[in-house]
Amino acid sequence: MSAEKYAQWIVDNQSLQGTPEFETVAKAYQAAKEQSAPTLKQKVQASIPGRVVQGMRDAVDAGAQLLPRGLELATSAGGLSPNPVSKFFGGEAQRVDQMVSDNAREYEGARTATGQEGFDGARLVGNVFSPANAAIASKLPVAASTMGRVFQGAALGGVGGGLTPVDTQENPDFASTKAGQVALGAGMGAVATPIAGKVFDYVGKALAGRKSPSPVVLQKTTEEFARDMGLDWQVMAAKERSDLFEMVKAAAAGNTGKDPAAVARAADFKAAGIPYLTGQATRDPRQFAAEKNLSQLPGVGDDITARLSEQANLLRQKVGAFSAGATDEQGGGARLSEALRGFDAKKGKEVSAAYKAARESAGKDVELPMQGLAQDYADVLDRFGDKVPSGVRNQFRKYGIEPGGDMTQRKLFTVEEADKLLKVINDNGGSDKTTDTALTALRESVKRSVTTDGGAEDVFAPARKLAATRFGLQDAIPALESSASGRVNPDTFVQSFIVSKTAQTSQVQKLASLLKQEDPGAFSEARSQIGAYLQRKAFGENPAGDAKFNPAQYAKALRELGDAKLGAFFSPDEVTQLNRLGRIGAYVESVPAGRLPNTSGNWGAITQLAGRIPGVPSSIALAGALKNSVGNQMAASTALSGQLPTKMSAEDVRLMSQLLAGGSLASGNAGALPLR
């Protein structure tokens, strides 16, 4: 009779008090009470420390039951060939089973004797901090996505169920009971782990970077988390509030914020509108290699393969957008050189018109000074001799400039004559490098004679200034001078005058400014040609249209161009985008040092090889396949989530992993309780 029933009996039978019947019942109850009083050992076993110790012991007991059975199976060829050794291990398994059952009887008896029943929370805490469970949990990363945590919880919960001891007196069929424990544990872990993980995520986001959040901040965060979960903080029970607060506090203790470098990489992807994989943002060698390897697995890796393909397509599209409208290199060079030649011709006509107006105003022509030109011509002949073409020498003779020969001047050296002489000099170039050097010296001397004030009437000063401006632009913009002289090669125009590292930045900037002002169409062509150049560096010639990004070549091209040159043709936002695409291409294609992914294309076959090795029991192969399948699903989910891990110290990581993964194992233990 329980104490409650005895008390009720007294109330119902007060009229019998003092009778022999009443005294008999009272003595019987007292004797039963004294007989059922818990012993000291039972009190210790049923205490909170004792129950925690029992929980820590559970995984050890379960391992002790599994070990002799595994050895029995191994030494008997999977049970096909029993022998004295295997029988010894079988006997050990029975001995351990008896010990586990006896301990279970004692423990439950102690709880009953102390009036305990129902859920055993202290034992569950012991499961979490069990040395066996902690050893497993400390080696595992925390899955980032909800689906990843479902798979992780199922896997760890299954392990936790497997590490639950079996009372063979209650459940004689060890194998089927253990299978049921694993199944129940997996189910419990799949449900419990995402919920616990969501608490850690929420707290990590709210308290990122805080080392020691104050109680006020913790309280506010807990209330916000409750609201986000659809809970009414005002109507929650005190214990529910306290439990939730403690969960938030535990999660906050292990959070120190995200890795700034990983955050910056993720921001690059987001700004460009390109989805990413977690390992590409974190640049963690293990994660990066795992993602590449998983992409080779049919089924589980399909989504990763699709993302990699999407990234490649978007990179090609976004880099290619800068080359929109570009013609081939020769056509583009011809278009640009023709625009410059037309501009110079226009300026030449303006100079001629100004001289014509000056002559009409003065009533006479102006003869240009020839002393400097004659000295320069004599020096060129002395240095280059017959490398000066005869056509050019004939022109100088007309003006009485022929050292050692007839010095009779047959023509006045005017602006028009100087322009004709320049055309003859340009027409005779290109035969060899030495001749071009000689002609360049003569060309510069003729220009100086046009722009030098030789004491002519002031009315010609404006015309000389126009000529000086024209020749000054040619000197400042080699592409203009080369185009005006007809010496330009359209095939190499872009390479020579824009993208080459020998093309001076100031010259490129002036060229861009001139094109943008004088011929917007040619300016757009130059932009597109630069884009096409970068596209070739990024993807090669790419006739099939599916080449992968080459981050090293693209980065080298950007470095040699430099932001200043790019800024002459592109807006600041466009320059930023060009550089960002280069970084993203490196995040995607550049393998971080430390771990190389498999590149054979047969990773799936490699991972399945173990299950095909002759002599490996089918049960072990099946377990390995299940482990690989769940692990691959978890890894794929983590890769696709793009969730950046919290940046923690090694000790923080160990504790956080143990809390979450250990909780998954413990939930598996709890789920397996009905089959304990």
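1. Basis. Residues are numbered from 1 along each chain as its sequence is written, and side-chain values use heavy atoms, with hydrogens and water left out. Because the model is predicted, local features need pLDDT of at least 70 and side-chain atom pairs count only at pLDDT 80 or more, while totals for chains, interfaces and linings use all residues.

2. Overall composition. The chain has 30 helices and zero strands; helices (H or I, at least four residues) and strands (E, at least two) are DSSP runs, numbered from the N terminus. Of the 676 residues in the chain, 41% are buried, where buried means under 20% relative accessible area, exposed over 50% and partly exposed in between (1.4 Å probe, protein chains only). Among contacts (heavy atoms within 4.5 Å) with a separation of 6 or more, 74% join residues 24 or more positions apart.

3. Helix 21. This helix covers residues 461-476, and its 16 residues should span 22 Å at 1.5 Å a residue; the expected span is 1.5 Å times one less than the number of residues. The end C-alpha atoms of helix 21 are 22 Å apart, which agrees. Its buried residues are Ala463, Arg464, Ala467, Arg470, Phe471 and Gln474. An α-helix has 3.6 residues a turn, so residues three or four places apart point the same way. The cover over the buried residues of helix 21 includes helix 16 (329-362), helix 19 (415-427), helix 20 (433-451) and helix 22 (478-485).

4. Arg443. This residue is in helix 20 and is buried, with a relative accessible area of 3%. Leaving aside neighbours within four places in sequence, Arg443 is in contact with Leu422, Ile425, Asn426, Glu481 and Arg487.

5. Cavity. The structure holds one cavity of 30 Å³ or more, and about 50 Å³ of space lies in the largest cavity. A cavity is a set of points, on a 1 Å grid over the protein atoms alone, where a 1.4 Å probe fits but cannot get out; lining residues have an atom within 4 Å of a point. Grid points are joined across faces, edges and corners, and a volume is the space filled by probe spheres set on the points. Helix 15 (302-320) and helix 27 (572-589) are the elements that give two or more residues to the lining, and helix 15 provides the largest share, five residues. Lining residues include Leu308, Arg316, Phe539, Lys548 and Glu589. The lining divides into seven nonpolar, one polar and three charged residues; Ala, Val, Leu, Ile, Met, Phe, Trp, Tyr, Cys and Pro count as nonpolar, Asp, Glu, Lys and Arg as charged, and the others, Gly among them, as polar.

6. Backbone at two loop residues. Arg283, in the loop between helix 13 (278-282) and helix 14 (285-294), has a positive phi of about 60° although it is not a glycine. At 17% relative accessibility, Arg283 counts as buried. Asn542, also not a glycine, has a positive phi of about 50° and lies in the loop between helix 25 (520-539) and helix 26 (551-569).

7. Gly91. This glycine is in helix 5 (residues 84-113) and is partly exposed, with a relative accessible area of 33%. Gly91 and Glu72 are 19 residues apart in sequence and 9.3 Å apart in space, C-alpha to C-alpha.

Technical notes:
1 Å grid on protein atoms, 1.4 Å probe; cavity = no way out; pocket = protein on both sides within 12 Å on 5 of 7 lines; lining within 4 Å.
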